[in-house]
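Reader: I have a structure open and would like to learn how to read it. Please take me through a few features, one at a time.

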Amino acid sequence: MDIVRVISKRSFLLGLLFLILVVLVTAPLYTSGYFVVLASSIFMYIVLAVSWTIFSGPTGYISLASAAFFGVGIYASAILVKALPLPIVIGIGGLVSSVLALLVGALTLRLRGIYFAIFTFGLVELLLYFILWWEVNITGTTGRVVPTVGNTTVYYAILVIFVILMLTAYFIRHSKFGLALQSIGENEEAAAHTGINVTLVKVTTFAISAFFMGAAGAIMATRWTYIDPRIAFNPLLSFMPVLMAIFGGVGQLYGPVIGAAFFTLLKEYLTTTLAKYGLGEIYMLIFGIVLVVAILFLPSGLVGLIQKWWKGGWARRSTHT
Amino acid sequence: MLVTILDVVIAGLLMGGIYALIAVGLSLQYGVARVLNIAHGEFIMLGAFITWSAYTIFGINPLLSLAVCGPIIFIIGFLLHRTLFTHLRISSPSPAAFEGSSMLATFGLLFIIQNTAILIWGAGIKSYSYLAFPVNIGGAAFAANRLVTLGFAITIGLAFYIFLALTRIGKAIRAAAQDPETAGLMGVNINLVLALCFGLGALMAGLGGSLISMTISIQPTMGLEYTVIALIVIVMGGLGSIPGSFIGGFTLGLVGSIVTYIEPGLAMVAYYVLFMLLLLVRPTGILGK
């Protein structure tokens with residue numbers, strides 16, 4: 001009986017996911033251009049939040065380097081998009097970010113806890129100021145114009161990145177590799193003693209997570225048409241994925257997805273509604289309040305809340321039958 | 001040549017004094033209260049804007065508004081810790097979990113304070129002119145306000161050092177820094193002491209901001225840069241060490257001044273390279289154990 005229930009639940013979930021995917025793939029055919037643009041933004045933040053969670057969720061290392069990897073992808077795209085086909089540009093954006101992550105990962109292995117967070121944040125600012133200086137003094141420009149590829153192309157590209165990312169994240173979680181990550185987060189010394197190559201596991205995961213951030217940066221650059229170091233290495237893009245993931249809850253894969261979708265929609269709603277009253281800029285204020293309230297009252301994020309409701313409902317149903 | 005060297009060195013020391021002061025504040029908040037306050041720079045910005053308003057609207061002497069600004073920002077910091085961070089500290093399962101969640105909460109504070117400031121004062125750049133006449137030191141000229149701010153930064157740092165070393169509350173703070181659990185068992189009201197430390201940290205930031213506003217133009221988004229500088233300085237000087245913060249502050253000021261003299265655009269890059277090298281080679285800081 002239980003086996004039947006488990007199997008039917010799994011096939012139901014798979015069916016639901018497939019249906020959602022079909023809806024998302026066909027969406028540009030029957031929705032407005034506004035939807036496509038908004039959905040691309042949502043997927044961008046989901047990709048950032050989920051990639052962040054792949055590494056920082058199980059290990060507990062708070063990385064603030066997201067903006068660095070995203071920015072590297074943006075610059076790779078700005079330099080290459082005129083010369084090469086789009087999928088290759090996206091791939092290169094991801095690869096360059098991974099290489100950077102490998103370097104950073106190898107350098108910061110000794111740093112624990114908060115020092116890792118500070119170092120990774122420093123990386124964003126270092127790249128920002130270095131490229132700013134490079135652009136002004138060596139190339140003699142401040143910004144770069146990136147040719148557009150059309151909103152629908154951006155949408156499909158980011159959708160593909162999203163699907164591959166979710167599959168990757170799922171397989172990492174449900175593999176021995178994911179277990180190794182989890183045990184590093186619980187006790188790194190103990191993990192090393194059980195024969196896990198702690199260094200290799202951490203650095204590899206960090207690089208995988210950076211790949212998707214770089215790829216997302218490479219495609220989003222084409223939507224912004226003009227980029228400069230301050231846009232590409234905006235520290236906000238380091239903070240937002242963390243906030244979204246924590247708000248959604250890092251315990252489950254769908255946590256960061258919900259968190260990122262929620263915040264992007266909230267931002268969209270607030271900026272459009274408040275703009276009518278000339279207060280479009282204060283959405284960040286409301287973000288801050290939501291964040292503080294969430295940390296105080298939702299320690300395991302929205303996922304924790306959903307699970308509590310789910311379990312509550314399940315328990316009631318079981319007692320009735 | 002000698003004048004040039006003197007020029008660069010003194011300019012570095014002048015900046016370094018402010019850096020040291022704001023780093024002492026962050027060092028208190030992280031070293032004792034275990035809150036890595038990303039919103040530290042926002043208290044600096046608040047101090048700067050309160051001083052600016054007091055001077056341009058009411059004509060209050062900026063040095064006098066140190067006495068107004070300090071208590072206001074101290075109370076804000078104290079209350080924040082009593083409500084937000086005390087709640088988080090008690091509900092967190094481990095000290096490491098508290099460090100993570102409190103840091104994220106300070107991101108929220110950053111957004112709240114910065115955008116409230118934009119609502120009140122607007123997003124534009126503000127400045128005023130105070131004690132802007134030049135003073136000659138060994139052939140190099142410096143604005144008088146820079147010398148005054150350096151003097152105040154050193155005085156505030158010294159006063160605080162004496163407070164920590166000689167008073168009972170100072171002793172309680174030092175005890176809490178070493179081991180909050182044991183200090184609590186010895187009769188130290190730990191929640192009060194931690195809130196006091198957070199408040200004092202905010203106070204230093206506020207005073208630093210007041211002093212900064214006398215020398216350069218200010219804007220609501222100025223905070224993050226100073227937070228990062230304060231972080232670099234405490235990593236250099238070692239967490240929780242006031243002399244370390246001053247050594248770190250002056251070192252960073254000097255490095256900034258030398259690099260600015262050679263290649264102006266690379267000052268921030270030099271800060272980060274120095275900072276990252278230090279983190280890798282000596283994460284406990286110059287004076288750290």
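Author: Start with the two chains: 33 residues of chain B are in contact with 32 residues of chain A. Two residues are in contact if their C-beta atoms, placed from the backbone, lie within 7 Å. This is a predicted model, in which local features need pLDDT of at least 70, side-chain atom pairs count only at pLDDT 80 or more, and totals for chains, interfaces and linings use all residues. Residues are numbered from 1 along each chain as its sequence is written, while chains are lettered from A and ligands numbered from 1 in the order in which they are written.

Reader: Which elements give two or more residues to the side of chain B that touches chain A?

Author: Elements are DSSP runs numbered from the N terminus: helices (H or I, at least four residues) and strands (E, at least two). Here they are α3 (62-91), α4 (95-121), α9 (223-237) and α11 (267-281) of chain B. The largest share, 15 residues, comes from α4(B). By class, this side of chain B has 25 nonpolar residues, seven polar and one charged. Ala, Val, Leu, Ile, Met, Phe, Trp, Tyr, Cys and Pro count as nonpolar, Asp, Glu, Lys and Arg as charged, and the others, Gly among them, as polar.

Reader: How do α9(B) and α11(B) pack?

Author: Axes are lines fitted to C-alpha atoms, for helices over the stretch in contact, and angles run from 0 to 180 degrees between N-to-C directions. The axes of α9(B) and α11(B) are 10 Å apart, at an angle of about 40°. From α9(B), the residues B:I232, B:V235 and B:M236 meet B:Y271, B:F275, B:L278 and B:L279 of α11(B). That contact has seven nonpolar residues, no polar and no charged ones.

Reader: Is B:R34 buried or exposed?

Author: A residue is buried if 20 or more other C-beta atoms lie within 10 Å of its own, exposed if 12 or fewer, and partly exposed in between. B:R34 is buried because 22 other C-beta atoms lie within 10 Å. B:R34 sits in the loop between α1 (2-31) and α2 of chain B, and its phi is positive, near 60°, in a residue other than glycine.

Reader: Why does A:T225 count as exposed?

Author: A:T225 counts as exposed because it has 11 C-beta neighbours inside 10 Å. A:T225 is not a glycine, yet has a positive phi of about 55°. Its place is in the loop between α9 (198-224) and β2 (226-227) of chain A.
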